[in-house]
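Hi everyone, thanks for coming along. Today I'd like to walk you through one chain and how its pieces pack together. Have a look at the picture first, and then we'll go through it.

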Amino acid sequence: MNADTPADIPAGADDFGSSIAPSAVTSGLLAAWAVHDLEEMATMARWTRTRVPALRERHPRVPDRVWRSLEAVDGREFATAVAVMGLVVAAASADGYRTGGRSAFYQASLNGFGLHGLVHVAQAAVTRGYTPGVVTSPLLVVPFTLWARGRLRRAGVLRPTRARDIASGLALAGAATAVSHAVARRIHRAASAS
């Protein structure tokens, strides 16, 4: 066996706690993401219709293209982007499971997930109101990330976190979001053209 297989981690009771299996830490990322993104999918269309016009008025210095891009995403395209992102998160979770939590991709995704939860909270503070994803961010996203990192730390597999790791976690979350939306846009344009 190589050093990246879960079997190389001593029994889960010693490393991940007596009641928590390593799979809860790695598969839990996908589960927490799914609950969080269900909130976003359930609220995005209404939020865009009702809040963007008021935000546009309140923040006239924000470039109009930002507001137009928010308004241009319909529910089907947003759901497709969420599905594409789900593939990325599923791949990260699977890689985390395969490596017993050691995977750099899994840990960067976990960090990005937690940091993106903080971004949701900051967005709600800046807009002075609800933004899609802000309810599950402090209740699930950030706590799960901290819990999973704690379990990885106790198992001795958590990579040291440096400032560049924080930046790369945010960059990974931002890039995955941008790519997911770009793919969704292409899928829906292609479907409309045929």
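Let me start with a term: a nonpolar core is a set of buried Ala, Val, Leu, Ile, Met, Phe, Trp, Tyr and Cys residues joined through side-chain atoms within 4.5 Å. Buried means under 20% relative accessible area, exposed means over 50%, and partly exposed is in between, with a 1.4 Å probe and protein chains only.

Two notes on the source. This is a predicted model, where local features need pLDDT of at least 70 and side-chain atom pairs count only at pLDDT 80 or more, while totals for chains, interfaces and linings use all residues. Residues are numbered from 1 along each chain as its sequence is written, and side-chain values use heavy atoms, with hydrogens and water left out.

Now the overall view. The chain has 7 helices and 0 strands, where helices (H or I, at least four residues) and strands (E, at least two) are DSSP runs numbered from the N terminus. Of the 194 residues in the chain, 40% are buried. Contact here means heavy atoms within 4.5 Å. Among contacts with a separation of 6 or more, 76% are between residues 24 or more positions apart.

So, which residues touch the most other members of the largest nonpolar core? They are Leu29, Tyr106, Leu110, Phe113, Phe144 and Leu152, out of 25 residues in that core. Helix H2 (22–58), helix H4 (75–98), H5 and H6 each supply at least two of the core's residues. H2 gives the largest share, with 8 residues.

Let's zoom in on Phe113. Leaving aside residues up to four places away in sequence, Phe113 touches Leu29, Ala32, Trp33, His36, Val141, Phe144 and Thr145.

On to the helix pairs. Two packed helices are described by the angle between their axes and the distance between the axes. The axes are lines fitted to C-alpha atoms, for helices over the stretch in contact, and angles run from 0 to 180 degrees between N-to-C directions. Angles under 35 degrees count as roughly parallel, over 145 as roughly antiparallel, 65 to 115 as roughly perpendicular and the rest as oblique.

Take H2 and H4. Their axes are 8 Å apart and pack at an angle of about 170°, so H2 and H4 are roughly antiparallel to each other. On the H2 side the residues include Leu29, Leu30 and Trp33, and these meet a group in H4 including Phe78, Val82 and Met85. Sorted by class, this contact of H2 with H4 has 13 nonpolar, 6 polar and 2 charged residues. For those classes, Ala, Val, Leu, Ile, Met, Phe, Trp, Tyr, Cys and Pro count as nonpolar, Asp, Glu, Lys and Arg as charged, and the others, Gly among them, as polar.

Next, H2 and H5. Here the axes come within 12 Å and cross at roughly 25°, which makes H2 roughly parallel to H5. The residues in contact include Leu29, Ala32, Trp33 and His36 of H2, with Tyr106, Leu110 and Phe113 among those of H5. This one divides into 8 nonpolar, 6 polar and 3 charged residues.

Then H5 (residues 104–127) and H6 (residues 136–154), whose axes come within 9 Å and cross at roughly 150°. That makes H5 roughly antiparallel to H6. Tyr106, Leu110 and Phe113 are among the H5 residues making this contact, and Val141, Phe144 and Leu152 are among those of H6. The count by class is 11 nonpolar, 8 polar and 1 charged.

What about the loop between H5 and H6? Thr131 sits there. Is Thr131 buried or exposed? Thr131 is buried, with a relative accessible area of 4%. Its contacts, again not counting residues up to four places away in sequence, are Glu39, Trp47, His120, Gln123 and Ala124.

Arg128 lies in that loop too, but Arg128 is exposed, at 61% relative accessible area. Most residues other than glycine have a negative phi. Arg128 is not a glycine, yet has a positive phi of about 55°.

One last stop: Ala81, in helix H4. Ala81 counts as buried at 3% relative accessibility. Ala81 and Val183 are 102 residues apart in sequence, and C-alpha to C-alpha they are 7.1 Å apart in space. Ala81 also touches Ser180, His181 and Ala184, not counting residues up to four places away in sequence.

That's my tour, and I'm happy to take questions.
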